[in-house]
Amino acid sequence: MVLLAIKHVIADFLLQNSWMAQGKDQRTGWALPLLVHCLIHLTVAMAIILIVAPRFWFVALIDFAIHITVDRAKGLCVSRFKVTMDQQWFWWLIGIDQALHHLTGFGLSIFMAAN
């Protein structure tokens with residue numbers, strides 16, 4: 001769980017630039033920034049999992065699929081309802097997004113530990 005949380009901080013904050021962060025929430029042109037962002041998550045997750053527990057390499061693909069789904073759902077909310085950083089809804093969406101990503105890491109960690 002700790003390693004997946006570290007992966008999340010690295011991929012979501014250290015390696016995500018403004019093009020990805022802002023682009024993935026746009027009404028149009030969101031696909032490439034979202035894909036690049038989630039491929040970074042996939043790459044970092046795969047590297048960590050291959051080092052620590054290589055038989056669970058497919059967990060990185062599951063993490064990718066969930067991450068792209070959660071981020072797209074947030075992007076749809078932001079673009080459809082024209083949510084901006086100065087609105088409380090923006091910060092609620094960020095919080096929900098982050099909670100879902102950490103719950104994903106928790107669930108995937110339980111899966112790997114149980115198997």
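By the grid rule set out in Exercise 1, the count comes to 1 cavity of 30 Å³ or more. This is a predicted model, in which local features need pLDDT of at least 70 and side-chain atom pairs count only at pLDDT 80 or more, while totals for chains, interfaces and linings use all residues. Residues are numbered from 1 along each chain as its sequence is written, and side-chain values use heavy atoms, with hydrogens and water left out.

**Exercise 1. Give the volume of the largest cavity and state which elements line it.**

Solution. Begin with the rule: on a 1 Å grid over the protein atoms alone, a cavity is a set of points where a 1.4 Å probe fits but cannot get out, whereas a pocket is an open set with protein on both sides within 12 Å along at least five of seven lines, and lining residues have an atom within 4 Å of a point. A volume is the space filled by probe spheres set on the points, which are joined across faces, edges and corners; for the largest cavity this comes to about 80 Å³. Its lining includes Met1, Leu4, Asp63, His67, His101 and Leu108. Two or more residues of that lining come from each of H1, H4 and H5, and H5 gives the largest share, 5 residues. Here helices are DSSP runs (H or I, at least four residues), numbered from the N terminus.

**Exercise 2. Describe the largest pocket by volume, lining and residue class.**

Solution. The largest pocket has a volume of about 410 Å³. It is lined by 17 residues, and Ala21, Asp25, Lys74, Phe90 and Ile94 lie nearest its centre. At least two lining residues are supplied by each of H1, helix H2 (18-23), H4 and H5, with the largest share, 5 residues, coming from H5. Sorted by class, the lining has 7 nonpolar, 5 polar and 5 charged residues, where Ala, Val, Leu, Ile, Met, Phe, Trp, Tyr, Cys and Pro count as nonpolar, Asp, Glu, Lys and Arg as charged, and the others, Gly among them, as polar.

**Exercise 3. Classify the ring pair of Trp89 and Trp92.**

Solution. Rings of Phe, Tyr and Trp (its six-membered ring) pair if their centres lie within 6.5 Å, and planes under 30 degrees apart count as stacked, over 60 as edge-to-face and the rest as tilted. The structure holds 6 aromatic pairs. In one of them, the centres of Trp89 and Trp92 are 5.0 Å apart and the planes stand at 70°, so the pair is edge-to-face. The two residues are 3 apart in helix H5, which means a separation of about one helical turn. Trp89 is exposed, with a relative accessible area of 55%, whereas Trp92, at 43%, is partly exposed.

Conventions
Buried means under 20% relative accessible area, exposed over 50%, partly exposed in between (1.4 Å probe, protein chains only).
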